[in-house]
Amino acid sequence: MLRSVIISGPPAIGKTTIAKGLGNEFGLKYLSGGDVLKEMAKDQGFETDRDDFWDTQEGMNFLNIRKKNPEFDKQVDEKLKKIFLTENVIITSYTLPWLVKDGIKIWLAGSRKDSAKRMTMRDDISMDDALEIVKKRFDENKTLYHKLYGFNFGEDLSVFNAVINTDNLGPEQVLEQAKNAVKNYYDSKTTTKS
């Protein structure tokens, strides 16, 4: 049986950390939807080498280009769908949970304040700047994905098998909950193909 996992949630919620931890636990290849999109930004002449590219002015500029040309996101999503449906993989993606039926989908929930706190530590920026970036990225992505696909990012969580609130939890605690969600999901599917 194909074993695939999608991790989604708002910006700076800890998706990459949890996805990599699950990849190690279950022997799944890790792939970031954002990394695939960064490859396309690089092809457009953007400097994408920084881990925090999406939180920089360059990242925001590319977000503005994406708003005008939805083909970028559609191409990324088509690539991710093919990989997700044919390989044992764990993918972080804003859109994929709404675009595929198979696998387990986990939403990492949490306050903007906690996301901004993570961003201040990760990117060495002020709390005010982090809060502004988290809000802008969330709002812009929500608008973009509603226009592209018609779903309400961050509101309609009905497609998810598990929702984990990350507020006041360390990464190890969130990872433990995510591991349990994956085990429970695939244990229940051992006799049927998802």
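Student: Is Asn168 buried or exposed?
Tutor: At a relative accessibility of 75%, Asn168 counts as exposed (over 50% relative accessible area; buried is under 20% and partly exposed lies in between, with a 1.4 Å probe and protein chains only). This is a predicted model, in which local features need pLDDT of at least 70 and side-chain atom pairs count only at pLDDT 80 or more, while totals for chains, interfaces and linings use all residues. Residues are numbered from 1 along each chain as its sequence is written, and side-chain values use heavy atoms, without hydrogens and water.

Student: Where is Asn168, and what is its phi?
Tutor: Asn168 sits in the loop between β5 and α8 (helices, H or I of at least four residues, and strands, E of at least two, are DSSP runs numbered from the N terminus). Its phi is near 65°, a positive value in a residue other than glycine. Most residues other than glycine have a negative phi.

Student: What about Ala12, buried or exposed?
Tutor: Ala12 counts as buried, at 11% relative accessibility. Ala12 belongs to the loop between β1 and α1, and its phi is positive too, near 60°.

Student: Which residues are closest to the centre of the largest pocket?
Tutor: The largest pocket holds about 1100 Å³ of space (the volume filled by probe spheres set on grid points joined across faces, edges and corners). Of its 45 lining residues, Ala12, Lys15, Thr16, Arg122 and Arg137 are the closest to the centre. A pocket here is an open set of points on a 1 Å grid over the protein atoms alone, where a 1.4 Å probe fits, with protein on both sides within 12 Å along at least five of seven lines; lining residues have an atom within 4 Å of a point.

Student: Which elements supply its lining?
Tutor: Those with at least two residues each are α1 (15-26), β2 (29-32), α2 (33-43), α3 (57-68), α4 (71-86), α6 (112-123), α7 (127-149) and α8 (171-188).

Student: Changing topic: which residues are central to the largest nonpolar core?
Tutor: Val5, Ile7, Leu22 and Ile106 touch the most other members of this core of 21 residues (buried Ala, Val, Leu, Ile, Met, Phe, Trp, Tyr and Cys joined through side-chain atoms within 4.5 Å). Two or more residues come from each of β1 (5-8), α1, β4 (104-109), β5 (162-165) and α8. The most come from α8, which gives seven. Apart from this core lies another, of 18 residues, including Phe84, Val89, Ile91 and Val100.

Student: What does Ile7 touch?
Tutor: Leaving out residues up to four places away in sequence, Ile7 touches Lys15, Ile18, Ala19, Leu22, Ile90, Ile91, Thr92, Ser93, Ile106 and Leu108 (contact means heavy atoms within 4.5 Å).

Student: Thr92 is in that list; where is it found?
Tutor: Thr92 is part of strand β3 (residues 89-92) and is buried, with a relative accessible area of 6%. Beyond four places in sequence, the partners of Thr92 include Ile7, Lys15, Thr16 and Tyr30.

Student: And Thr120, buried or exposed?
Tutor: Thr120 is buried, at 17% relative accessible area, and lies in helix α6. Apart from neighbours within four places, Thr120 is in contact with Ile125, Ser126, Met127 and Ala130.

Student: Last one: how many helices and strands are there in the chain?
Tutor: The protein chain has eight helices and five strands, following the pattern β-α-β-α-α-α-β-α-β-α-α-β-α along the sequence. Buried residues make up 48% of its 194 residues. The C-alpha atoms fill a box of roughly 50 × 35 × 30 Å along the principal axes.
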